[in-house]
Amino acid sequence: MSSSNKSIQFIPFLDQNYEQLKQECLQNKTLFIDPKFPPEQAFSRQENLIWRRPYDVIDHPKFFLNTPHRRDPGQGDLSDCWFVVAIANLTCHQQIFERVVPLDQTFDKNHGYTGLFHFHFWQFGIWYDVIIDDRLPFNRQTLQPWCSWNRQEPEEFWVALIEKAYAKMNGGYSSLNVGAPIEAFTDLTAGVEQRFKLNESIKHRKEFFRFLSDSLKHACLMACSINPQNDGSDFEQIKPNGLVVGHSYSVTAARYLQLKDRILPMIRLRNPWANEIEWEGAWNDRDKRWKHLDDNQKRRMSWQESEDGEVRLED
């Protein structure tokens, strides 16, 4: 536990004590089954789903495969992009991440694996410790995860598990179908929200870019979206540049880039779909301008040519 967490009192959600239940499982040599969040309560539509523990579908599941990274979370079949972008942002700030995600959790059968996991969320002035079992929803035909997961490293499961814990605290997966990133940011940080409409409240772009950059340096979590029409007729419409209307994006960096004799303010976003729907505008992965940058500049901008969902915008 990081030093920042020692002063926080985490209240057992639904009176389920993590340490007590873990010791019971270890003593009895049993895997935990959560009686307060069974599959039929987690999601009511079960016809195409099958619930399995990670060990049932993969030989060597891991809680973390490598250091948690903003590219880990990939949205599943649930319409909860607003939550997935929030946990992607969380990985950019180690102290906040460790407050929400206890690091001493494992799938190692020789080091305490019991099928029991827990996460911390803040609601209505209280930090809760939410426990779950590791039975997760998979597609019945393909055994591909139905929930959010790491598409690049499918043996890693912290993303799917934190989503399940958040669903439990909110009454089920269906409760996550509609939301805003700022709601998840509050539940993950106990912080104060602030919203901006770029076409109305931003009068000085240079000052606003500096504000974004400074805020990110001070561990602020950010997201953005393109508002759909009032009637919702263009919701999730894919624009020619690859951006999706009504869809949430993580804001993960705001940095200056030197291109020859110009200094460019650049904002990095991430689409939680992390699939073939990629940014097609300026500075897309195949843009010839990347050839004018040296390797250090490319690393600083985290450039790679892959379907990782990342977008780089020149302000």
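Modeller: The residues lining the largest cavity divide into four nonpolar, five polar and two charged. In this grouping Ala, Val, Leu, Ile, Met, Phe, Trp, Tyr, Cys and Pro count as nonpolar, Asp, Glu, Lys and Arg as charged, and the others, Gly among them, as polar. This is a predicted model, in which local features need pLDDT of at least 70 and side-chain atom pairs count only at pLDDT 80 or more, while totals for chains, interfaces and linings use all residues. Residues are numbered from 1 along each chain, and side-chain values use heavy atoms, with hydrogens and water left out.

Biologist: What makes a space a cavity, and which residues line the largest cavity?

Modeller: On a 1 Å grid over the protein atoms alone, a cavity is a set of points where a 1.4 Å probe fits but cannot get out, and lining residues have an atom within 4 Å of a point. The lining of the largest cavity consists of Tyr18, Lys22, Asp104, Gln105, Thr106, Gly112, Tyr113, Thr114, Gly115, Leu116 and Phe117. Helix H1 (18-28) and strand E3 (116-123) are the elements that give two or more residues to this lining; helices (H or I, at least four residues) and strands (E, at least two) are DSSP runs, numbered from the N terminus.

Biologist: Why is threonine 67 called exposed?

Modeller: Exposed means over 50% relative accessible area, buried under 20%, and partly exposed in between (1.4 Å probe, protein chains only). Threonine 67 has a relative accessible area of 67%, and is therefore exposed. Threonine 67 lies in the loop between helix H3 (54-57) and helix H4 (81-90).

Biologist: How do you know that lysine 164 and aspartate 133 form a salt bridge?

Modeller: A salt bridge requires a side-chain nitrogen of Lys or Arg within 4 Å of a carboxyl oxygen of Asp or Glu. The closest N and O atoms of lysine 164 and aspartate 133 are 2.6 Å apart, which meets that rule. The pair links distant parts of the chain, with lysine 164 in helix H6 (residues 158-169) and aspartate 133 in strand E4 (residues 126-133), 31 residues apart.

Biologist: Why does lysine 164 count as buried, and why does aspartate 133?

Modeller: Lysine 164 counts as buried because its relative accessibility is 2%, and aspartate 133 because its value is 0%.

Biologist: Why are arginine 210 and glutamate 207 separated by about one helical turn?

Modeller: They are three residues apart in helix H8 (residues 205-217), so about one helical turn separates arginine 210 and glutamate 207. Their side chains meet in a salt bridge (3.8 Å, N to O).

Note on methods: On a 1 Å grid over the protein atoms alone, a cavity is a set of points where a 1.4 Å probe fits but cannot get out, and a pocket is an open set with protein on both sides within 12 Å along at least five of seven lines; lining residues have an atom within 4 Å of a point.
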